[in-house]
Structure formats: C-alpha cells, structure tokens
Amino acid sequence: VRDDLRLARRIQGGDPRAFEEFLDSYGARVQYLVRRTVENRTDAEDLTQEIFVHLYRNIGSYRGDAALATWVYRVALNQCAKHAQKRPPQNVALEEQNEQASPDWRSNPEQAAVKSELSERVHDALEQLSPLHKEVVVLHELYGLTYQECAQALQVPIGTVKSRLFNAIRRLRDGLSEYVLGDAGGGVLRVEAAAEKTP
Amino acid sequence: MTPTRHSQSRQPMLKSFLDRELPLWRQLAVRLHLARCASCREDLRAMRQIGDELRGQAIDPLDPKLKTRILASVQEITPVPTPPMHIRRPVLIWVGGAAALLLLASVTASRMRFAPMSLSGSSRAADSPAAMSNSVSEPTPASRSFTGSAASEPQNRSQAALIAPRDAVVGRSEAKQKVALRRAGFDIDGYRFVTLSGQRIDIPFKANLNSLRFARAEDGRMTLTQAFPSPILSLGPADALQNDAVPGSRWQPLPASFSSLRPLYVRPVADWTQFTALRWYPNMTLVGGFASPESNDASFVWLSGSYVRIGQTLYPDFAAYRAYADVHPDAVYLRPIYQLSAAPILDAAKRSGSAHGASHR
C-alpha cells in the first residue's frame with residue numbers, strides 16, 4: 001500500500017512516467033473489465049479511456065487506505081455501471097461479432113490458437129454469467145483480490161461477495177459439468193441424479 | 001461414502017476454504033469433513049479446476065493505440081488536489097460562542113415548541129434552513145413560527161466546513177469522525193447539514209444518490225459519521241431532512257418501524273432521473289422510499305413502512321402518490337438552493353457566502 005500511495009502521489013505530482021507505469025499495471029485489467037461490460041469494441045475503448053482520465057484526475061482521492069488495485073477496480077466498475085445505465089444494450093454489428101469471436105482479434109494470436117477447448121468453454125461460460133457474478137469472478141479469480149478487497153471494490157458486504165462468488169462458481173460448474181467433472185466427476189453427477197430418483 | 005446432495009449446503013464454505021478465506025478452526029473442520037466425504041472432495045476438485053481455468057484465462061494487454069490515446073488525453077489535465085481529511089474546526093474563540101448560541105437556541109426552541117401556531121408568520125422565512133435549524137422532527141407550529149437567528153446557520157465563514165463524499169472515506173489510521181447534527185436538508189445538488197457546533201457540512205450528489213447511507217441512531221440523536229464507502233447519517237425515529245427547495249416538504253428516509261443499526265442506501269425514488277423529476281408539494285412528507293444494502297440501482301426495493309403524506313392524506317405506496325401527482329400539477333420540483341455546484345468543492349469561503357444568500361432568500 002505504501003508503494004501504491006507513492007505511485008499515486010507521483011502521478012498527482014505530474015510525473016508522466018508514473019502514470020505510464022500505472023497504465024501498464026492496470027490498463028489491461030481495466031480494459032478486460034470494461035470488455036466484460038461493454039460489447040461494442042469502440043465503446044469499450046472509449047470507456048476505458050474515460051476511466052483512466054477519471055482515475056488520473058481523481059488520483060488525489062486515493063489515500064492509501066486499501067490497495068490501489070481495489071480503488072482502481074472500484075472506480076472502473078462504477079464507471080461501467082454508469083455507462084450501462086446511460087446506454088441500453090446495443091446490438092453489435094455482425095462484422096464486429098465476427099471480429100470479437102476471432103482469435104485474431106486478440107493481440108496474441110499464438111496464445112489464442114493454443115487455447116484449449118476447455119479454456120474457451122470457460123471463457124464462454126464466464127460471458128454467460130450475470131454482470132454481478134461476472135465482476136466478482138473477474139476480481140477474485142482472475143485478479144486475485146481477497147474477499148475483503150472484492151467487498152471494497154464492489155462496495156458490498158463481504159458476505160455478499162461470498163454468496164455471489166459461490167453462485168457464480170456453481171453456475172460455471174453447471175455450464176461446464178461435462179468438462180470439469182471428467183470421468184470421476186461425471187460419476188458424481190450420475191450418482192446424485194440416481195439418488196434423487198430413489199424414494 | 002456415497003456422495004449425496006448434502007454437499008450443496010457446504011459448497012459456500014468449501015469455496016471459502018479453497019480460497020483460504022476461512023478462520024483456522026473452520027479450516028480444520030472442513031479438512032476433517034473432507035477426509036470422510038468423497039462428495040465434498042469432488043466438489044472441491046471441481047471448484048479448484050474451474051478456478052485454475054479462470055486464472056489461466058489470457059488477459060489481453062492494453063491496446064497500444066489506446067494506451068497512446070489515454071496518455072495523450074491526460075496531458076492537459078491536472079489532478080484534483082488531495083482534499084483534507086478532517087472537518088475544519090472553528091477556532092477556539094468560536095467554541096464558547098457556539099455553545100452559548102446553542103444553549104440560547106435550545107431554550108428558545110423549547111419555549112416555542114409550545115407556542116400557538118403563528119399563521120401570520122412569513123412562510124418563506126419560516127421554511128428557510130435557518131428557520132428549521134432547531135429541529136429536524138415534525139414541522140410543528142412552533143418550528144414554523146421560529147424565525148429567530150439564535151440557531152441559524154453559522155454567521156462566520158470560518159465556521160463553515162465542507163466535505164465531499166470522497167473526503168468522508170476514512171482509513172484504518174483515522175478514527176471515524178462522528179458529529180452530532182441539529183439540522184439536515186437537501187436540494188437538487190446535495191445534502192446540507194448543520195452540526196450542533198454550527199459547522200456546515202455539504203455532501204453533493206453529483207448525480208449519484210449513493211453519496212450517503214442511513215441507519216437508525218442507537219441513542220436517537222441525529223449524527224453524521226464518516227465511513228467507508230460513504231458517510232452514514234444516523235437518524236432518530238422522527239428525524240427528517242428538510243427539502244430546502246420546496247418549502248414545507250421533507251424526506252424522512254427511515255420509517256418509524258425501521259430499527260436496523262446497519263446502514264442502508266435509501267432514496268426517495270428508484271433512480272436519479274426519477275429524483276430530478278419528483279414532484280413535491282408544500283406540507284408533503286415522504287417517509288422511506290427505495291432502499292438497498294448495496295449501491296447498484298437494480299437492488300433497490302420499496303422500503304417496508306414507506307409512504308407519502310400530503311397535508312393530512314396518506315398515500316401508502318408510490319403508485320397512490322403518483323396518482324395524486326398526476327392530477328395535481330401545482331407541484332414544485334427540486335432545484336438548486338445551496339449552489340453546491342457553483343463553486344469548487346473545497347472553496348469553503350465562497351460556498352459559505354452563497355449559503356448565506358440561500359438562507360436569506
């Protein structure tokens with residue numbers, strides 16, 4: 001946190017390298033969060049830019065009470081929520097859908113090419129989650145925030161984080177049962193199903 | 001052991017166990033259970049696998065063009081200076097004065113509480129923030145006729161204090177600041193509070209109705225507490241916020257039946273757009289509204305015990321009130337009174353000046 005505060009104060013002091021460092025640290029993750037909320041790629045870029053301008057302008061309000069990441073994600077999620085309120089869900093142009101679906105859209109095509117089927121299914125399943133579930137999964141599972149940090153970033157009680165996370169994982173598991181459970185796990189499902197039928 | 005569905009009830013705990021978010025004794029309990037429950041072991045394995053896959057998801061680096069755009073866009077922006085954490089305290093010389101004023105105000109108020117209703121009093125003056133500063137409870141005849149200046153807003157600029165929601169965020173190192181209030185009000189731009197010592201505290205909405213949370217006061221006193229993620233206004237059973245934009249109207253966020261000490265987000269209406277379009281009438285009291293423990297708009301629900309009262313008529317729900325409003329076009333909409341957005345957030349002196357203008361409108 002001390003380093004975070006130092007970085008924040010350097011940005012506030014007008015150090016351009018500090019802001020670039022900040023952008024390198026959080027740019028990809030904020031962009032990822034935004035893309036989970038905004039389907040249209042141009043809108044997602046605009047919103048990512050807006051968020052960083054907002055973060056830059058208000059960096060003084062970060063006081064080092066929590067990790068800088070928590071503060072960044074909280075601001076980003078708030079901005080995403082505001083964006084979602086302002087604009088109804090938009091249809092994405094077909095070309096853009098194709099572009100998004102294509103591994104070429106990702107900046108690392110090699111990596112995309114070797115993605116396992118399961119990994120792709122996980123990605124798809126994640127996209128199927130509700131926004132509330134999606135954001136808690138991204139913050140906790142992908143970005144490694146603790147429950148407490150998630151609670152701060154999402155501005156909800158820690159119990160809400162737990163329940164949302166559990167429900168999200170349960171939905172992911174339901175969607176991925178054939179992949180996740182494998183041979184042994186499939187057996188569990190079958191046994192449970194049989195147990196239900198047994199009087 | 002034959003796997004059963006009992007594990008479903010244990011899954012939330014299993015997830016916390018997997019994430020190392022359980023206290024030690026619970027971890028031990030889960031470990032003991034896992035040793036004899038194949039079903040839970042399978043659940044744990046599945047959760048772990050999903051977690052591993054999620055963590056293995058590639059996060060694309062920031063688009064270089066976008067990075068350049070962002071860096072360029074902040075070139076001409078200056079970060080807002082760090083706001084002070086503390087509420088400015090008046091100098092010692094004012095403490096004695098404020099205490100004396102407070103004493104005088106309370107004596108005057110207690111006498112006037114039993115005064116006969118003054119129908120001839122100036123309603124504009126009576127409804128001004130100064131007029132209601134002695135009480136935030138029911139607008140009794142006494143309070144309506146109370147136009148004295150003993151308990152009015154601070155007369156000196158040094159007594160004014162402003163905090164923005166972001167200032168109200170306190171860290172571990174800072175004790176929560178809690179101030180007793182003698183008055184609470186709002187206009188279209190935000191909340192305005194006057195402390196017992198005469199300090200003024202403004203909390204702008206900034207088009208966001210989540211800038212404040214509400215809780216029942218343990219001791220029945222109206223207080224404002226700095227807290228994360230937003231300040232908490234603790235209210236007694238009859239405490240209300242005066243609508244300073246619409247004389248005679250007020251909002252009592254917590255119905256009398258509400259007893260939770262846990263803070264909630266409460267709004268008169270479901271969202272900001274409805275708030276700006278809300279129709280107010282003189283002698284209207286909105287009790288309760290929409291509430292949620294969370295700040296996202298979708299989670300707000302009509303708070304049990306809420307109602308709208310206009311004059312002597314009670315409207316038990318929002319639909320009934322709206323039916324009244326539809327046929328009574330003489331409504332007044334919220335408008336800026338405090339001039340909160342007219343000055344920089346920390347420019348206390350200018351704000352103080354404008355506040356005086358507002359209170360003597």
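In this predicted model, B:Asp19 and B:Lys15 are both buried. The two residues form a salt bridge within chain B, with 3.3 Å between the closest N and O atoms. B:Lys15 also takes part in a salt bridge with A:Glu141, where the closest N and O atoms are 2.4 Å apart. This second pair crosses between chains: B:Lys15 belongs to helix α1 (residues 7-18) of chain B, and A:Glu141 to helix α8 (residues 131-142) of chain A. B:Lys15 has a relative accessibility of 1% and therefore counts as buried, since the limit for that class is under 20%. The relative accessible area of A:Glu141 is likewise given as 1%, and A:Glu141 is buried.

A further contact between the chains is the salt bridge in which the side chains of B:Glu294 and A:Arg164 meet, at 2.4 Å from N to O. B:Glu294 lies in the loop between β12 and β13 of chain B, while A:Arg164 lies in helix α10 (residues 158-175) of chain A, so this pair joins two chains. Both B:Glu294 and A:Arg164 are buried. Side chains of opposite charge can pair when their charged atoms come close. Salt bridges also link A:Arg41, A:Glu45, A:Asp46, B:Asp63 and B:Arg69 in a network. Over all chains, the structure holds 21 salt bridges.

Strand β12 (residues 290-292) of chain B pairs with β13(B) in the antiparallel sense over 2 bridges. In this pairing, B:Ala291 stands opposite B:Val301 of β13(B).

Elsewhere in chain B, strand β1 (residues 178-186) is mostly covered, with 8 of its 9 residues buried. Strand β2 (residues 190-195) of chain B pairs with β1(B) in the antiparallel sense, over 5 bridges. These two strands form a hairpin, and 3 residues lie between β1(B) and β2(B). Across the pairing, B:Arg183 stands opposite B:Val194 in β2(B).

Strand β5 (residues 223-225) of chain B is another partner of β1(B); the two run antiparallel and are joined by 3 bridges. Here B:Val179 stands opposite B:Leu224 in β5(B). The pairing of β1(B) with strand β7 (residues 241-243) of chain B is parallel and comprises 2 bridges. B:Phe186 stands opposite B:Asn243 in β7(B). In a regular strand the side chains alternate between the two faces of the sheet.

The loop between β5 and β6 (232-235) of chain B contains B:Ala227. With a relative accessibility of 1%, B:Ala227 counts as buried. B:Ala227 and B:Arg213 are separated by 14 residues in sequence, and their C-alpha atoms are 9.4 Å apart in space.

Notes: Residues numbered from 1 in each chain as written. Chains lettered and ligands numbered in written order. Predicted model: local features only at pLDDT ≥ 70, side-chain atom pairs only at ≥ 80, totals over all residues. Heavy atoms only, no water. Pairing = 2+ DSSP bridges. Helix = DSSP H or I, 4+ residues; strand = E, 2+ residues; numbered from the N terminus. Buried < 20%, exposed > 50% of the residue type's maximum accessible area, 1.4 Å probe, protein only. Salt bridge = Lys/Arg side-chain N within 4 Å of Asp/Glu carboxyl O.
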